[in-house]
Structure formats: C-alpha cells, structure tokens
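Please study the following exercises with the sequence and the model at hand. Each task is followed by a worked solution.

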Amino acid sequence: MVCEFLPVEYKKRLLEIATIDDLIAVGYTKKSAYQAKEKGIISDEKCEKLVYILGKKAFLILEEALYEFTDNIYQLEKS
C-alpha cells in the first residue's frame, strides 16, 4: 500500500540501497535484480516486499517522501 503512492524517485532510491540479495529475496532472479537496479524500475508489489525486507534502512526514504507529500498538501492549501 505504501508503494502505490510513492513517487518514482523514491522507488529508485529504495533500489539503490537494496543489495542484489535483497532483490532476490523479493522475487527477482539475479539477472533481473541487476536490471532493476540499472533501470531503477520496480513494481508496486515488489516494492512493498522490498520495504519489508529493508526494514529500518527504508524508513528514512519513506519518511522523506511523507514530508514531501505533506509539504505539497500545505502548498495546495495556500493556493
């Protein structure tokens, strides 16, 4: 559910901090894990699993995304 609303740039950052082993645990093959990291593309379903696997390592990225989201809401209110 988190990844459905997560901007692409944050998904890319999750992929950057993930190891190949983390991506294999999510369901990628070794080859596709390297391709995902290279292209910076991950499905919402695999992103959810990756967040679970990364645990606290993913927290800072998700927190930053949340702050950006709330800032955007406040900007809309001011408009």
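**Exercise 1. How many helices and how many strands are there in the protein?**

Solution. This is a predicted model, in which local features need pLDDT of at least 70, side-chain atom pairs count only at pLDDT 80 or more, and totals for chains, interfaces and linings use all residues. Residues are numbered from 1 along each chain as its sequence is written, and side-chain values use heavy atoms, with hydrogens and water left out.

Step 1. Helices (H or I, at least four residues) and strands (E, at least two) are DSSP runs, numbered from the N terminus.
Step 2. The protein holds 5 helices and 0 strands.
Step 3. Read from the N terminus, the order of elements is α-α-α-α-α.
Step 4. Along the principal axes, the C-alpha atoms fill a box of roughly 45 × 25 × 20 Å.

**Exercise 2. Describe the disulfide and its place in the chain.**

Solution. Step 1. A disulfide is a pair of cysteine sulfur atoms within 2.5 Å; a search of the whole structure finds 1.
Step 2. Cys3 and Cys47 form this disulfide, with sulfur atoms 2.1 Å apart.
Step 3. The pair links distant parts of the chain, since Cys3 lies in the segment before H1 and Cys47 in helix H4, 44 residues apart.
Step 4. The torsion about the S-S bond of Cys3 and Cys47 is about -65 degrees, and therefore the disulfide is left-handed.
Step 5. Both Cys3 and Cys47 are buried, where buried means under 20% relative accessible area, exposed over 50% and partly exposed in between (1.4 Å probe, protein chains only).

**Exercise 3. Is Met1 buried or exposed?**

Solution. Step 1. Met1 belongs to the segment before H1.
Step 2. Met1 counts as exposed because its relative accessibility is 70%.
Step 3. Between Met1 and Ile61 there are 15 Å in space, C-alpha to C-alpha, and the two are 60 residues apart in sequence.

**Exercise 4. Which residues have the most contacts inside the largest nonpolar core?**

Solution. Step 1. A nonpolar core is a set of buried Ala, Val, Leu, Ile, Met, Phe, Trp, Tyr and Cys residues joined through side-chain atoms within 4.5 Å.
Step 2. The largest such core has 21 residues, and Leu6, Leu14, Leu23, Tyr28, Cys47 and Leu50 have the most contacts inside it.
Step 3. At least two residues of this core come from each of helix H1 (8-17), helix H2 (20-26), helix H3 (30-39), helix H4 (44-54) and helix H5 (56-78).
Step 4. Contact means heavy atoms within 4.5 Å; not counting residues up to four places away in sequence, Leu14 touches Leu6, Cys47, Leu50, Val51, Leu54, Ala58 and Ile61.
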